[in-house]
Amino acid sequence: MTEVLLSPLVGTILDSLKSWSLKELELPGSLKTEVASLESTLTTIQAVLQDAEEKQWKSEAIKNWLGKLKQAAYDLEVVLEDFNTEAQSRSLHTDARSQVTTFFSLRNPLLFRLDMARKFKNVREKLDVIAGEKSKFHLREGVGEAEIERNEDRQTSSLVKESEVLGRADEKEKIVSMLLCNVSHHDDLSVYAICGMGGLGKTTIAQLVFNDVNVAKVFDLRGWVCVSDDFDIKWLTKAIVESFVGNSCGIQELDPLQRCLAEKLVGKRFLLVLDDVWNEYHDKWDRLKQALQCGRKGSTVIVTTRLEKVALMMATTPFYRLGCLSDDDSWSLFKQRAFGMGMNGSNANLETIGRQIVQRCGGVPLAIKAIGSILRFRSQESEWLRVKDSEIWDLEDEGSRILAVLRLSYEHLPPYMRQCFSFCSIFPKDFVMKKNELIGLWMANGFIPSRGALDLHDMGCEIFSELTWRSFFQEIKEDVDGTVTCKMHDLIHDLATSIMGQECCVIEGNEGSQIPKTARHLFVYNSSPSTNVMDLTKLQPLQSLIQRGCRFNLSNRSGFFCKQKYLKVLDMDFNSTNIAFKSSKHLRYLCLHGAHVKTLPESTSSLHNLQTLNLGDCYNLQMLPKGTKNLKNLRYLDIRNCDALTSMPVALGQLSFLRKLSMFIVGKEDGCGIDELKGLALEGELSIKGLHNVKSLMEAKNANLIKKHNLRSLSLSWRVSSNASSHYQNDEEILSALQPHSNLKKLCIIGYQGLMFPYWMMDVLLPNLVEIALENCERCHQLPPLGKLRFLKVLNICKISALKYIDDTFYGDMESSFPSLEVLSIHMAPCLMEWTTVMVENIFLS
């Protein structure tokens with residue numbers, strides 16, 4: 001079931017061929033000719049790619065052809081990135097004062113161009129040969145939407161055998177109760193949506209509700225239409241009329257059809273189920289809804305869909321998100337299918353194996369029923385064990401049917417989104433993925449297309465949201481720092497793995513692991529405290545290498561990196577300071593999280609393609625490369641918990657694409673001031689240290705924190721000194737000028753030595769705060785009116801020596817103070833003499 005997905009890569013390469021970097025190098029005639037020929041060849045290939053990608057499922061020859069094309073495209077991508085890297089190097093080093101210096105410090109431009117011309121010619125000739133083979137496949141040109149065919153296997157009806165449905169009684173009753181309650185309370189058409197991933201039983205729930213006796217009594221007309229892909233207004237109107245009247249309708253034109261439907265509905269209260277809706281276009285739904293609004297008060301439409309966006313668009317009430325079956329219900333359903341007439345003593349071992357199989361199904365009824373059906377007529381333990389240990393796509397016809405149902409959601413994705421989704425198979429099952437890391441990996445591998453002025457990061461956020469709305473991701477969580485995490489259901493992970501085949505590979509890092517030669521993206525981990533060492537020198541060239549909790553043998557470090565010419569993603573725990581990245585010029589994602597490094601080599605700043613640099617928890621790191629400002633493509637610089645850092649490289653403000661900067665240390669030198677933050681559209685978490693080095697109110701204002709609307713967590717820290725100094729008088733105006741945006745959720749102020757907190761805390765201009773920490777604010781004698789904060793859950797106050805009184809102002813003079821407070825901690829307030837106490841939501845503060 002593996003898929004060769006090539007169109008996103010070809011699109012990215014065509015964009016690169018037209019990019020500024022090629023023009024920057026002032027190509028000579030021969031090279032321009034080669035680039036033009038390549039562009040022509042790729043455009044010809046692109047024209048038939050969609051048809052080829054659709055037909056590869058039925059033709060092994062087409063799939064092999066796409067595989068050869070993809071390898072050639074990867075080779076071309078490396079050549080193009082050589083060009084891009086060279087162009088960026090020249091733009092950074094070119095100095096009008098010394099053309100000669102540039103000529104000798106970089107590669108000889110003439111030799112470089114000759115070398116590139118040769119490489120372009122070799123790749124172009126290879127592509128021409130492969131492209132020439134397309135004629136034998138009779139592929140159709142055109143990159144528009146594929147023609148929609150009505151798949152009879154996907155058609156549904158309202159009929160259901162209720163005795164065979166297990167585990168959905170509560171869901172049915174909730175929806176029936178909601179329907180009956182609202183029948184007499186709504187004048188307008190009510191629309192209810194049932195949403196969830198494929199195979200959960202949305203259609204079954206709708207059938208149960210549709211056939212409920214109490215529901216049937218209150219509706220004059222009931223109709224059922226399976227919509228699927230084709231949201232054609234004329235076809236749908238005709239299908240609805242036929243469903244309500246029970247026989248064929250001969251009308252063919254839209255206007256008389258809609259008039260006919262309106263006549264049928266006037267004075268009648270109706271229930272209509274629109275099953276399996278995929279339409280995301282509001283205007284199409286509006287046109288259909290107009291014809292449905294002629295019914296009597298209480299008329300209702302029930303929609304089932306996999307797409308949250310569709311549910312939000314169509315529903316008039318909050319949609320019902322269908323969850324997975326409980327463990328007990330899953331087991332009952334499996335027993336019904338697998339054991340037929342019942343279990344007896346001889347089935348004891350099969351029950352143990354069966355429960356393990358049910359766990360793999362993850363509460364999805366479709367999978368439970370399908371796998372149970374496979375085992376119904378098999379009584380040997382060996383047969384059950386084989387099913388338990390098989391990959392889902394190896395489970396005869398039923399396994400393919402499960403994946404076919406899940407795959408519908410995949411087929412509705414545009415190609416670049418398919419690439420992003422299927423790449424997620426690089427992670428083990430049940431892995432907690434972080435949104436920003438995922439977007440960083442997508443960017444690094446070139447999966448995110450450029451779209452006008454939209455930043456790649458923003459485009460990545462859109463893709464993440466789309467995949468979430470389409471039920472590919474679940475268990476979405478966001479912490480107070482703005483960190484978003486998610487998981488994939490095991491069956492969705494199986495779908496991604498079946499599509500990627502061995503291109504994405506997850507292995508345990510032991511000496512016996514066999515890594516396929518087709519692997520391009522590798523995740524290596526240790527699930528046990530083993531000390532096995534994996535020899536990386538044996539690896540084939542990769543694009544992504546991610547390591548978690550296992551040791552690698554990197555005795556020949558330079559040899560390894562020289563071999564990895566395709567490497568774009570490197571996520572590894574180096575336990576050595578001897579790191580050399582000079583040969584890894586294509587790296588876009590470098591994560592050394594938790595590594596025991598004190599410094600990074602200056603060659604790191606020559607990685608001009610680098611987009612992500614993650615150094616979180618590198619506790620020993622003392623210095624960032626001086627040339628960090630040269631990493632012009634950098635989006636994420638994560639230096640959380642790098643406590644040994646005492647300064648920042650100069651001119652970080654020049655990194656205009658930077659979206660994540662977890663810590664900034666204000667310095668006294670030019671280019672290290674807080675005003676470097678001015679033009680950066682930072683988001684998530686930001687800790688600003690060294691605020692005692694801020695020289696003036698204007699410099700603090702220039703940090704522009706109030707415009708950074710995507711910041712969720714902000715820490716402001718001064719150096720605490722035992723000696724009184726004049727800078728105390730400066731603290732109040734500096735903090736006043738550092739007012740953050742009102743979207744902030746977490747605020748920490750450390751070492752502030754002003755007498756009063758700023759107006760934006762006293763006037764509560766940060767209404768969304770969830771957590772506040774005030775530490776070492778030793779000279780403040782009054783607390784802000786924090787009781788006004790409706791969402792405040794955690795308040796920690798430590799070392800506030802001048803505080804003598806906590807009075808009514810602390811509670812905000814509100815009827816309900818601290819309505820959400822869960823934790824209040826006050827430590828080391830030695831002068832506190834009086835505390836006015838109140839009852840706060842049944843919690844006594846004292």
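The model is predicted, so local features need pLDDT of at least 70, side-chain atom pairs count only at pLDDT 80 or more, and totals for chains, interfaces and linings use all residues. Residues are numbered from 1 along each chain as its sequence is written, and side-chain values use heavy atoms, with hydrogens and water left out.

Me: Why does Lys487 count as buried?
Reply: Buried means under 20% relative accessible area, exposed over 50%, and partly exposed in between (1.4 Å probe, protein chains only). Lys487 has a relative accessibility of 17%, and therefore counts as buried.

Me: What makes the link between the side chains of Lys487 and Asp430 a polar contact?
Reply: A polar contact is a pair of N or O atoms within 3.5 Å; within protein, one must be able to donate a hydrogen and the other to accept it, and residues adjacent in sequence count only if both atoms are side-chain atoms. These side chains are joined at 3.3 Å.

Me: Why is the pair of Phe334 and Phe339 called edge-to-face?
Reply: Rings of Phe, Tyr and Trp (its six-membered ring) pair if their centres lie within 6.5 Å; planes under 30 degrees apart count as stacked, over 60 as edge-to-face and the rest as tilted. Here the centres are 6.4 Å apart and the planes stand at 85 degrees, so the pair is edge-to-face. Phe334 is buried at 0%, and Phe339 is buried at 10%.

Me: What makes the aromatic pair of Phe421 and Phe472 tilted?
Reply: The angle between their planes is 45 degrees, with 4.5 Å from centre to centre. Both residues are buried.
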